[in-house]
Amino acid sequence: MSFESFLTYLSLEKNYSPHTVTAYKKDIQEFIAFASGVYNIVDINKVEYPIIRNWIIKLVGKGVTNRTINRKIASLKAYYKFIQKIGVVDLNPLITHKALKTKKKLEVPFSKSEMDKILKQIPFDNDFEGARDKLLIEFLYATGIRRAELISLKLSDFNSAKTTIKVLGKRNKERVLPLVPSILPFLSSYIEQRFSLETIVDKDILFLTKSGHKIYETLVYRVINKYLSMVSPKVKKSPHILRHTFAIHLLNNGADLNAVKELLGHSSLASTQVYTHNSIAELKKVHAKAHPRNKD
């Protein structure tokens, strides 16, 4: 019962996407299979840390990366934290666990020229899906919102008078974002195409499939991957890279870090600071051109 309650908590209270909830579920079910298969333990609420440590050792032995192991343990740790909170257990067995060391993951943002190519040169089909895909990419790059946030946008979230969009982020935190003027014609074109659909099932949702249903995560990924592949040889082409690109381009053009934090919907500045390492290169260029000592 506590496991199902935990999944409901992630979905409704933490406002995690279905994809994220499924990932947590799979990680914990994998551990349940290990605990019951090796130690004949059915109730994981009674597990102690040595058993979890042995699971980690087994995963390492199977060649699972430290990054993946840390993700699995984070899922398990969140579960134990939840059942401790509701009084099922007195102590979280992972309270003193330290994450395995991992190599820093380098995410390469798209350049301004690459974004200009996709937004100004790539021809989109003159139909509903073409208008939607164009707006979808414009939205992700212009606002830096998360994929799950994009999928959940409603028609009523758009304020045409103020040219803003209301976004529901993690932990049900709302933020209002400005929209650049250049996105408005694409929004207007898409909405016109949207109302011409024969059937609209999810009437309040902004982004729909051609069958009138709310778009889904895989579709967003496919759209981004398809069009970014036309302009860039970079290996990673995901919605998150557009969020990354949004932040880097703002910082490179002098945006305040705290302002970028608010736009991204981060709860702490530390989350935003991961983007600053990419802007250091731009700062070095400015420094090299402007500082008197570099001219000696």
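Helices α1 and α4 are roughly perpendicular to each other (65 to 115 degrees). The model is predicted, so local features need pLDDT of at least 70 and side-chain atom pairs pLDDT 80 or more, while totals for chains, interfaces and linings use all residues. Residues are numbered from 1 along each chain as its sequence is written, and side-chain values use heavy atoms, without hydrogens and water.

**Helix packing**
- Helix α1 (residues 2-13) packs against helix α4 (residues 66-85) at about 105 degrees, with axes 10 Å apart.
- Axes are lines fitted to C-alpha atoms over the stretch in contact, and angles run from 0 to 180 degrees between N-to-C directions.
- From α1, Ser2, Phe3, Ser5, Phe6 and Tyr9 take part; their partners in α4 include Tyr79, Phe82 and Lys85 (contact: heavy atoms within 4.5 Å).
- This contact has 7 nonpolar, 3 polar and 1 charged residues.

**Aromatic pairs**
- The count is 14 aromatic pairs, with ring centres within 6.5 Å.
- Phenylalanine 128 lies in α6 and tyrosine 190 in α8 (residues 184-195), so the pair ties together parts 62 residues apart in sequence.

**Second largest pocket**
- The second largest pocket holds about 440 Å³ of space. A pocket is an open set of points on a 1 Å grid, for a 1.4 Å probe, with protein on both sides within 12 Å along at least five of seven lines.
- Its lining has 19 residues, and Leu119, Tyr141, Ala142, Val180 and Phe246 are the closest to its centre. Lining residues have an atom within 4 Å of a point.
- α5 gives the most to this lining, with 5 residues.

How values were computed. Points joined across faces, edges and corners; volume = space filled by probe spheres on them. Helix = DSSP H or I, 4+ residues; strand = E, 2+ residues; numbered from the N terminus. Parallel < 35°, antiparallel > 145°, perpendicular 65-115°, else oblique. Nonpolar A, V, L, I, M, F, W, Y, C, P; charged D, E, K, R; others polar. Phe/Tyr/Trp six-rings, centres within 6.5 Å; stacked < 30°, edge-to-face > 60°.
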